[in-house]
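Here is a short briefing to read alongside the model.

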Amino acid sequence: MHQTVDHVRLSEDGGALIILDQRRLPLHREYLTLTEKQQMYDAIKSLAIRGAPAIGIFAAFGMTVLARSMPLGDRAAFDREFLASSAYLNSSRPTAVNLGWALGRMERVLAANPTLPPEALLPLLRQEAQNILDEDIAMCTAISEYGLSLLKPGDGVLTHCNAGPIATSRYGTAIGPLILGAERGIRLRAFSDETRPLLQGARLTSYELQRAGVDVTLICDNMASMVMKNGWVQFCFVGCDRVAANGDAANKIGTSGVAILAKHYGIPFYVLGPSSTVDLKTPTGADIPIELRSEDEIRSKWYAEPMALPEVKCYNPAFDVTDHELIAGIITEKGICRPPYTESLRKLFA
Ligand code: MRU
């Protein structure tokens with residue numbers, strides 16, 4: 001079954017990648033047309049495309065575009081160029097394992113067909129990118145069903161950052177259960193952390209939930225404790241960029257703080273993610289590389305005037321790791337993993 005999504009797709013002739021520019025949301029729905037590897041690298045790095053599964057899908061389709069202008073008459077040269085471009089895209093952001101996972105799948109198309117001429121590889125590469133997209137849609141739908149099965153009408157769910165349809169393919173992970181619930185007429189309430197410093201919760205999550213008809217309230221990150229204390233949320237649902245073998249989960253900076261608050265208030269904290277985010281090769285959260293981003297995202301971005309002196313030192317890690325001990329369950333397309341995660345993750349994903 002071939003499916004498309006509006007926010008990452010190929011042009012009609014397959015010669016360009018067209019993406020929704022997430023930096024312009026929520027007020028502007030603008031699309032970028034990309035044909036060069038530098039443009040694709042920049043799109044990931046600058047968060048025009050973001051969200052762990054979405055950058056994997058993007059990179060896979062991106063490789064099909066780039067492959068068309070590689071040396072089609074020389075298989076060895078084609079392979080060299082393909083692997084170099086794949087490594088280059090993979091170097092754009094380090095934390096989400098989905099990027100390397102999807103590029104690895106594309107590289108394996110070459111490895112599995114060592115004697116085919118490059119021209120004959122092109123449709124196979126396109127098919128593999130399509131498979132990655134189709135599988136993500138199926139995984140997000142299943143994750144949303146599992147997440148929804150935990151909720152009852154009237155429940156409130158707090159989420160952090162954006163793990164919605166535009167961060168994936170369709171439905172999303174962390175907010176997928178809420179969107180599915182709205183489709184089925186189940187009354188649920190969402191609280192979306194704005195998510196400093198890049199405001200994915202404000203710009204993207206509240207936008208997606210509002211459009212889906214979910215009762216969503218946007219809060220600043222430092223209001224989560226108050227919302228929990230008020231008894232307004234029964235669950236925390238967050239996405240993930242990489243889940244280590246012991247269940248430690250990297251997600252947007254601030255996620256671990258939400259988990260610590262949730263523990264204090266006795267609110268179950270769930271991580272939702274597809275198998276492409278589970279990385280059994282990474283033993284613990286301490287082994288997950290954490291992206292550091294520009295200091296200007298803290299000092300001056302979004303403000304009419306800078307909010308700090310230009311020479312003030314800033315620390316801007318883009319992700320943090322939530323300790324597995326704070327996680328009530330990891331909701332995947334194969335079911336809900338419970339502690340001890342070393343065993344439950346291995347059972348489903350080894
Ligand atoms: O820096 P971002 O916006 O790409 O960070 C995204 C997140 O942290 C998401 O929660 C994660 O990628 C899961 S998306 C289903």
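Why does the largest cavity lie between domain 1 (8-140) and domain 2 (152-348)? Both domains give residues to its lining, so the cavity lies between them. Please keep in mind that this is a predicted model. With that said, the protein is divided into domain 1 (8-140) and domain 2 (152-348), and the cavity count comes to three of 30 Å³ or more.

**The largest cavity**

- The volume of the largest cavity is about 240 Å³.
- Its lining is made up of 28 residues, and the closest to the cavity centre are Arg50, Gly51, Ala52, Asn162 and Asp241.
- Two elements, helix H2 (52-67) and strand S9 (249-252), each give two or more residues to this lining.
- Of the elements, H2 gives the most, with three residues.
- Sorted by class, the lining of the largest cavity holds 12 nonpolar, 11 polar and five charged residues.

**The second largest cavity**

- You will find about 40 Å³ of space in the second largest cavity.
- Pro53, Gly56, Ile57, Asn98, Trp101, Ile132, Asp136, Met139 and Ser276 line the second largest cavity.
- The elements giving two or more residues to this lining are H2, helix H4 (97-112) and helix H5 (118-150).
- By class, the lining of the second largest cavity divides into five nonpolar residues, three polar and one charged.

- The centres of domain 1 and domain 2, taken over C-alpha atoms, are 26 Å apart.
- Domain 1 brings 27 residues to the contact, and domain 2 brings 33 residues.
- About 2500 Å² is buried between domain 1 and domain 2, and carbon and sulfur atoms give 56% of that area.
- On the domain 1 side, Arg50, Thr95 and Met139 lose the most area to domain 2, together making up 25% of what that side buries.
- Two of these residues have come up already: Arg50 is among those closest to the centre of the largest cavity, while Met139 is one of the residues lining the second largest cavity.

**The salt bridge**

- How many salt bridges are there between domain 1 and domain 2? The count is one.
- Arginine 93 forms a salt bridge with glutamate 291, and their closest N and O atoms are 2.9 Å apart.

Technical notes: Residues are numbered from 1 along each chain as its sequence is written. This is a predicted model: local features need pLDDT of at least 70, side-chain atom pairs count only at pLDDT 80 or more; totals for chains, interfaces and linings use all residues. Side-chain values use heavy atoms; hydrogens and water are left out. On a 1 Å grid over the protein atoms alone, a cavity is a set of points where a 1.4 Å probe fits but cannot get out, and a pocket is an open set with protein on both sides within 12 Å along at least five of seven lines; lining residues have an atom within 4 Å of a point. Grid points are joined across faces, edges and corners, and a volume is the space filled by probe spheres set on the points. Helices (H or I, at least four residues) and strands (E, at least two) are DSSP runs, numbered from the N terminus. Ala, Val, Leu, Ile, Met, Phe, Trp, Tyr, Cys and Pro count as nonpolar, Asp, Glu, Lys and Arg as charged, and the others, Gly among them, as polar. Domain bounds come from an automatic or database domain assignment. Contact means heavy atoms within 4.5 Å. Buried area is the accessible area (1.4 Å probe) that two parts lose on being put together, summed over both. A salt bridge is a side-chain nitrogen of Lys or Arg within 4 Å of a carboxyl oxygen of Asp or Glu.
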